[in-house]
Number of protein chains: 2
Amino acid sequence: MNKKLYFTVGPAELYPTVPQHVQSALEEKIGVISHRGKQFQEIYKNAADGLRTLLNVPSDYHIFFLSSATEIWERIIQNCVESTSFHCVNGSFSKRFYEFSNELGKKAFVEKADFGKGFYPDKINVPAEAEIICLTYNETSSGVSMPITDINKFREKNKEALIFVDAVSGLPFPAFDYSKIDSTFFSVQKCFGLPAGLGVWIVNQRCMDKAESLLKKGKSIGTYHTLPSLLSKGKDNQTPETPNVWNIYLLSKVVEDFNKKGVETIRKETELKAKMLYDYIGSSQNFSYAVEDVNLRSLTTIVANTKLSSAEVNKKLEPFDMAVGSGYSSYKDTQVRIANFPAISVEQMEKLIAKMKELFN
Amino acid sequence: MNKKLYFTVGPAELYPTVPQHVQSALEEKIGVISHRGKQFQEIYKNAADGLRTLLNVPSDYHIFFLSSATEIWERIIQNCVESTSFHCVNGSFSKRFYEFSNELGKKAFVEKADFGKGFYPDKINVPAEAEIICLTYNETSSGVSMPITDINKFREKNKEALIFVDAVSGLPFPAFDYSKIDSTFFSVQKCFGLPAGLGVWIVNQRCMDKAESLLKKGKSIGTYHTLPSLLSKGKDNQTPETPNVWNIYLLSKVVEDFNKKGVETIRKETELKAKMLYDYIGSSQNFSYAVEDVNLRSLTTIVANTKLSSAEVNKKLEPFDMAVGSGYSSYKDTQVRIANFPAISVEQMEKLIAKMKELFN
């Protein structure tokens, strides 16, 4: 029995209700039912409707289920770019999204910021030829966030380009203004506290139209996971392929729990826990802020520099059944990353901070 | 509590040990652990090594984990076809694989057989320009199988082309001769008795070389799930993206169970259950063989014509907590499809047949 509490950023701690939903899934034989039957259609509809309520998604945006946010990066480029994309890159995940565009034979413009830094949209000029603008709400590698007020500035200067916001490790926390973005997406193993293996893609009609226009021009936009294919099955609450039925069911249940709790409560608790943790980091002898600009510090993925190596930090936390995430890649030793996701309660965050104060000052 | 026993062909009945492995997954927090950590690498290795033993995969073939067999169709065309593919099409799934090639802008040759019919390789001439030959071991839509002796004939006449065998709803039953094929693949919700959301792709070095050669020519072969990307992570027992960790774990456990039982026992039981069921169909007043050629009748996906509609068949079976699959698409009413997968025991198949005799004669 593993009794450790994981404050890691992904995969992350399961939402506390997940074990009971897994039992229901076994009892109701959710792993066995047909993905072309009525029961699955209801599960799909519950998950999509629940997300629409939770994330306040307008009725004319579609919600599709794919296998990961990584897959969604690929599908965005395939479906919505004929020639040119634009990317804000300030960490490993936004960089990988940018590279996908090149790997698919497109021309990709990039605005770069150093690891741990963010963007100031007033200073950014997106080339007029860019068909899509790719923004990352939350760089899970560095803990830098792009505030919604900054995201919204891109639309003002770029009326034509489609705007995509990678909201992995963010949603349901950010309350996006959908009139300013065309699409957002996330994977369920972060803030939704579920096992990995499912990505959720929210798109508006402009994205659909773009994919259709590429098809009409005779361009290849993929196969089973093109936007038209996803919509053709999605409007019947189905997926083109046999999907991860089990996880769509678990998502529908966790979203139901989130909606019962209320997204505003989740947001307030996230802010409270983030403030507690950042206050401690600011006063600590061992830890210090990894992100200098206070306005760009993520409230869901909290990154700190550490004098003790991350391995030593975890070694000292281990007897108390706690673990934090190490830094990303070359920051593995010198940073820690701490998930402030809905699965972590205020009490659990208090306990972690108290223990860190005691162990590391 | 759903106590029904599903003889449906996919998703299908879970292997009986799955519920206990799900409990272990919860206790060991498999949904929480990092996909970049040692524990996941061991799970990956156990699953791959176990499959290598079970399916007698040569040591120079790679085993990769993707999200579905549908995805693998797409990756095959992207990674291994510059211009031209060849497909044997005799049902909905082989047809979809063929269509993928066109949708990705390739020229696809096709040898067609009617629904319920199969192929006679001696009569087939694959165009010399075809870079890959796509065969379907088991058409899950119609219940037609391609015997291994027939699969093996393609290599003799086509030394250069890469040979791919779709083994969905087949493996671990067929004992492929890997010297005659370059790749095979399946999804886990069929004969492996697992929840859907995972595809397994077995490829040899010739496939790897082909992908590398396309890359060198400056062709796009995809992004995170190109063969070189899968290998680059796979050799460290990792995946490029955050995968369906939970299902890879469950697969590793079920494969362990299969290996304990022994693949030969599984094959013998499959043959025994198939014989019992086909004997009944041959003698039934209501059911009749859907596949005329006895040599082409699938032993794992058993399809029968039915005088009573498939819905009525299931209505009569329902009080006894049993369900069979309906026919595929336009055969929905007039055929039934019965899974003869390892999750169904000899006793359970006997019970189904006894009940069908009683109800339908």
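**View 1. The loop that holds B:Ser329.** B:Ser329 sits in the loop of chain B between strand S13 (322–326) and strand S14 (335–339); strands (E, at least two residues) and helices (H or I, at least four) are DSSP runs, numbered from the N terminus. Although B:Ser329 is not a glycine, its phi is positive, about 50 degrees. With 56% relative accessibility, B:Ser329 counts as exposed (over 50% relative accessible area; buried is under 20%, partly exposed in between, with a 1.4 Å probe and protein chains only). Please keep in mind for every view that this is a predicted model, where local features need pLDDT of at least 70, side-chain atom pairs count only at pLDDT 80 or more, and totals for chains, interfaces and linings use all residues. Residues are numbered from 1 along each chain as its sequence is written, chains are lettered from A and ligands numbered from 1 in the order in which they are written, and side-chain values use heavy atoms, with hydrogens and water left out.

**View 2. A positive phi at A:Asn56.** Here the loop between H2 and strand S2 (62–66) of chain A carries A:Asn56. A:Asn56 has a positive phi of about 55 degrees without being a glycine. Its relative accessibility is 62%, so A:Asn56 counts as exposed.

**View 3. Helices H2 and H8 of chain A.** Helix H2 (residues 38–54) and helix H8 (residues 245–261) of chain A pack with their axes 8 Å apart, at an angle of about 40 degrees. Axes are lines fitted to C-alpha atoms, for helices over the stretch in contact, and angles run from 0 to 180 degrees between N-to-C directions. H2(A) and H8(A) are therefore oblique to each other (angles under 35 degrees count as roughly parallel, over 145 as roughly antiparallel, 65 to 115 as roughly perpendicular, the rest as oblique). Residues in the contact (heavy atoms within 4.5 Å) include A:Phe40, A:Ile43 and A:Tyr44 of H2(A), and A:Val245, A:Ile248 and A:Tyr249 of H8(A).

**View 4. Two cis peptide bonds.** In chain A, a cis peptide bond links A:Gly10 to A:Pro11, with omega about -15 degrees. A:Pro11 belongs to the loop between strand S1 (5–7) and helix H1 (18–27) of chain A. In chain B, B:Leu171 and B:Pro172 are joined by a cis peptide bond with omega about 15 degrees. The loop between strand S8 (162–166) and strand S9 (183–187) of chain B contains B:Pro172.
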